[in-house]
Amino acid sequence: MDSVKRVSSKKVQHHPSSARHKVLQKSTTLNRKFVKRPTAQAQIAKRQQLEREAFLRRKVLAERMNRENSVLIAKKARGGVRLTPVAKAEAPKIVAQKKPAEKAEVHPTAAVANARVAARKAPAPRQLTAQEMKDRAIKQALQRMATMDDDSAVMVEEQMTEVITKKRGVWRKRKLVVALAMSVVSIALLGYLVHLNLPDLSVRVAAMQSGIESAYPSYVPKGYRMDGLVAENGGKITIDFSHKEGKRFALIQEKSSWDSAALLSQFVLPQWGDKYEVMKEQGLTIYVSGSSAAWVNGGVFYHIDDPARNLTKQQLHDIAISL
């Protein structure tokens with residue numbers, strides 16, 4: 001390297017910054033493009049060779065042991081006679097016999113489960129129909145009759161006739177008892193139905209006689225029931241209710257053209273004066289005084305009369321709404 005420079009036709013001496021820059025250096029970096037990667041083929045081949053050699057050694061050792069065992073067995077079988085080389089060569093080889101596999105024991109729970117599965121898979125026996133059972137019984141009876149003598153046959157025939165006669169008598173008695181029982185049940189049921197519908201039937205008959213749209217209340221205070229039949233007198237229908245303790249009240253219905261105002265002036269004020277209350281419900285104006293009530297609905301004047309004052313205001317209200 002020329003460390004001398006010419007500047008304006010003069011020579012100038014160049015001084016490097018360090019001793020390392022005086023000469024060129026070669027690269028110390030490894031270029032992997034020209035380097036082969038190590039392979040394990042040699043190691044694998046060596047391992048396979050070692051295994052093959054070990055196998056051959058074990059094979060040779062096993063053959064030698066088999067030959068020695070064969071010689072010992074042959075000596076023992078021939079009473080200690082020395083074998084010739086030919087005999088040694090012809091000595092049979094011992095082949096290990098496989099022991100028969102022992103039968104596995106079945107667990108009791110598994111045995112029960114297997115039995116159940118087998119029972120399910122087994123076809124169920126076909127049940128005979130009534131006609132088949134009858135035919136079989138007849139055939140058996142005919143076979144027995146065919147093998148009997150005359151006296152035995154006559155005796156069996158008499159017994160069968162007696163049994164049939166008894167069964168017919170019992171069946172007739174049963175039919176009579178069943179008929180009587182059904183008649184009693186029918187009469188009792190009819191009486192129960194009449195008892196349930198008697199109030200409505202009685203009210204309808206009275207309504208037809210009076211010519212008004214009368215009705216039976218769907219609500220009746222607890223313990224009260226209709227006492228007797230509905231009475232009709234001069235276009236007025238009266239339904240009496242009684243209690244087991246002796247309490248009574250009456251529901252009176254009659255045809256009227258009054259409205260609530262006319263009822264107040266024509267009935268409430270003359271009968272009760274100013275001792276009344278007014279309840280309005282579902283378009284009805286109900287006048288209550290003590291245990292009595294009065295109202296009009298659909299051209300019918302309703303009046304509840306309870307002289308003993310046993311009914312409450314709520315009970316009067318519920319009776320009026322239920323009509």
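Predicted model: local features only at pLDDT ≥ 70, side-chain atom pairs only at ≥ 80, totals over all residues.
Trainee: Which side chain meets that of Glu277 in a salt bridge?

Mentor: Residues are numbered from 1 along each chain as its sequence is written, and side-chain values use heavy atoms, with hydrogens and water left out. A salt bridge is defined as a side-chain nitrogen of Lys or Arg within 4 Å of a carboxyl oxygen of Asp or Glu. Here, the side chain of Glu277 meets that of Lys313, at 2.3 Å from N to O.

Trainee: How many salt bridges does the rule give?

Mentor: The count comes to 3 salt bridges. Another of them joins Asp227 and Arg248, whose closest N and O atoms are 2.8 Å apart. This pair links distant parts of the chain, 21 residues apart: Asp227 is in the loop between β3 (224-226) and β4 (231-233), and Arg248 is in strand β6. A salt bridge is also formed by the side chains of Glu245 and Lys247, at 3.6 Å from N to O.

Trainee: Are Glu245 and Lys247 buried, partly exposed or exposed?

Mentor: Buried means under 20% relative accessible area, exposed over 50%, and partly exposed in between (1.4 Å probe, protein chains only). Glu245, at 56%, counts as exposed, whereas Lys247, at 29%, counts as partly exposed. Asp227 is partly exposed at 32%, and Arg248 is partly exposed at 40%.

Trainee: With which residues is Ser242 in contact, leaving aside its neighbours within four places in sequence?

Mentor: Contact means heavy atoms within 4.5 Å. With those neighbours left aside, Ser242 touches Gly223, Tyr224, Arg225, Asp227, Lys247 and Arg248. Ser242 is located in strand β5 (residues 236-243) and counts as buried, at 12% relative accessibility.

Trainee: Which residues of helix α7 are buried, and against which strands do they pack?

Mentor: In α7 (residues 313-322), the buried residues are Leu316, His317, Ile319, Ala320 and Ser322. They pack against β6 (248-255), β7 (277-281), β8 (284-289), β9 (292-297) and β10 (300-305).

Notes. Helix = DSSP H or I, 4+ residues; strand = E, 2+ residues; numbered from the N terminus.
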